[in-house]
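Q: I've got a model open and I'd like to learn how to read it. Can you walk me through a few features?

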Amino acid sequence: MKRSATFDGSLYDYLKTSSDVEALSLADADEASALLSAIHDWFEWFLEDVEDLHPATALLTFNAVIMFNAAVKLALSGQAHAVYAVLRGALEAACYAQAMADDPVAIEAWSSRERSPADKAVCRRVMSTAVRSTAAKLNARQAGTGSCVSELYEAAIDWGAHPNVRSVMGNTIIGDDSSDLQARLIAIHGPNGLATVRAKNACIDLGVTLAIIISYYKQRRKPGYQEAINDLIQARESLFSSLLEAYPPESRPRVRSHLIASSNAFRHRLATGRDGIG
């Protein structure tokens with residue numbers, strides 16, 4: 001069987017097409033985009049004062065927020081394949097910040113990483129459990145809440161942070177042209193395609209999860225921050241319910257599995273109304 005590959009256009013064409021999709025997404029100003037903007041506004045509001053954070057912890061916190069913004073840009077521009085690696089990086093940054101907020105040893109390990117191969121090994125050992133320990137600490141404070149961290153982390157790996165079958169084939173169209181089997185890898189999805197919708201929803205899950213993590217380790221908390229997070233979760237649930245209603249009932253379980261990473265964990269937090277922080 002003949003094997004060959006062709007590219008549709010130049011790098012400029014790729015960049016122009018992604019910019020065009022982003023422009024269409026911004027012009028649409030749908031409910032998901034409005035919620036993503038509201039999540040960003042929450043970060044600006046809650047992180048106005050970071051004097052209570054060690055400088056390294058603050059840097060990682062803002063790094064997580066910047067990566068959230070980058071993931072949103074990729075999603076809105078139709079580059080769904082690239083969203084999940086950035087999403088995972090943002091989640092790891094927040095979990096690193098949480099580890100450092102609790103433990104000066106983690107700050108030293110992270111800060112000293114580039115000094116020598118031995119220091120790099122120490123940093124890897126200390127920080128390798130950051131995601132799991134963050135989930136465990138959130139669950140200890142309010143049972144079930146930490147699941148949003150572990151579920152989203154695994155979903156990011158499944159959908160694109162690692163080149164797994166689901167992530168690659170989810171952006172591939174298989175066709176048969178006479179005797180040749182054709183595989184077409186989609187680089188840019190349309191603004192209303194399922195992959196784009198899924199990527200925007202993943203960014204919403206990421207933003208809400210980051211808000212939960214950051215509000216856990218930050219000591220100076222704005223009055224009403226818990227209610228503000230719950231408002232974001234409620235808006236998320238409303239958005240996802242309206243998305244599911246567009247599909248016939250028999251298709252909704254499959255669609256839900258493709259759109260929602262951490263619904264049960266978020267609903268648990270919403271039902272209890274508080275995160276256990278005094």
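This is a predicted model: local features need pLDDT of at least 70, side-chain atom pairs count only at pLDDT 80 or more; totals for chains, interfaces and linings use all residues.

Q: Which residues form the nonpolar patch on the surface?

A: Look for nonpolar side chains that sit together with over 30% relative accessible area. Here the patch is made of Val165, Val168, Met169, Ile174 and Leu185, and together they have about 480 Å² of accessible area. Helix α9 (residues 165–169) gives the largest share, three residues.

Q: Why does valine 165 count as exposed?

A: Exposed means over 50% relative accessible area. Valine 165, found in helix α9, has 64% relative accessibility, so it counts as exposed.

Q: Is isoleucine 157 buried or exposed?

A: The cut-off for buried is under 20%. Isoleucine 157 has its place in helix α8 (residues 147–161), and it counts as buried because its relative accessibility is 11%.

Q: What is isoleucine 157 in contact with, beyond its neighbours within four places in sequence?

A: Those partners are Arg88, His162 and Asn164. Arginine 88 is 69 residues away from isoleucine 157 in sequence, yet their C-alpha atoms are 7.5 Å apart in space.

Q: At what angle do helix α4 and helix α5 pack?

A: For a helix pair, check the angle and the distance between axes. Helix α4 (residues 80–102) and helix α5 (residues 104–111) pack at about 125°, and their axes are 5 Å apart. That angle makes α4 oblique to α5. On the α4 side, the contact is made by Tyr96, Ala99, Met100 and Asp102, while α5 brings Pro104, Ala106, Ile107 and Trp110.

Methods: Residues are numbered from 1 along each chain as its sequence is written. Side-chain values use heavy atoms; hydrogens and water are left out. Patches are made of residues with over 30% relative accessible area and no salt bridge: like charges are joined within 9 Å, nonpolar side chains (Val, Leu, Ile, Met, Phe, Trp, Tyr) within 5 Å. Accessible areas come from the Shrake-Rupley method with a 1.4 Å probe; for residues, only the protein chains shown count as cover. A salt bridge is a side-chain nitrogen of Lys or Arg within 4 Å of a carboxyl oxygen of Asp or Glu. Helices (H or I, at least four residues) and strands (E, at least two) are DSSP runs, numbered from the N terminus. Buried means under 20% relative accessible area, exposed over 50%, partly exposed in between (1.4 Å probe, protein chains only). Axes are lines fitted to C-alpha atoms, for helices over the stretch in contact, and angles run from 0 to 180 degrees between N-to-C directions. Angles under 35 degrees count as roughly parallel, over 145 as roughly antiparallel, 65 to 115 as roughly perpendicular and the rest as oblique. Contact means heavy atoms within 4.5 Å.
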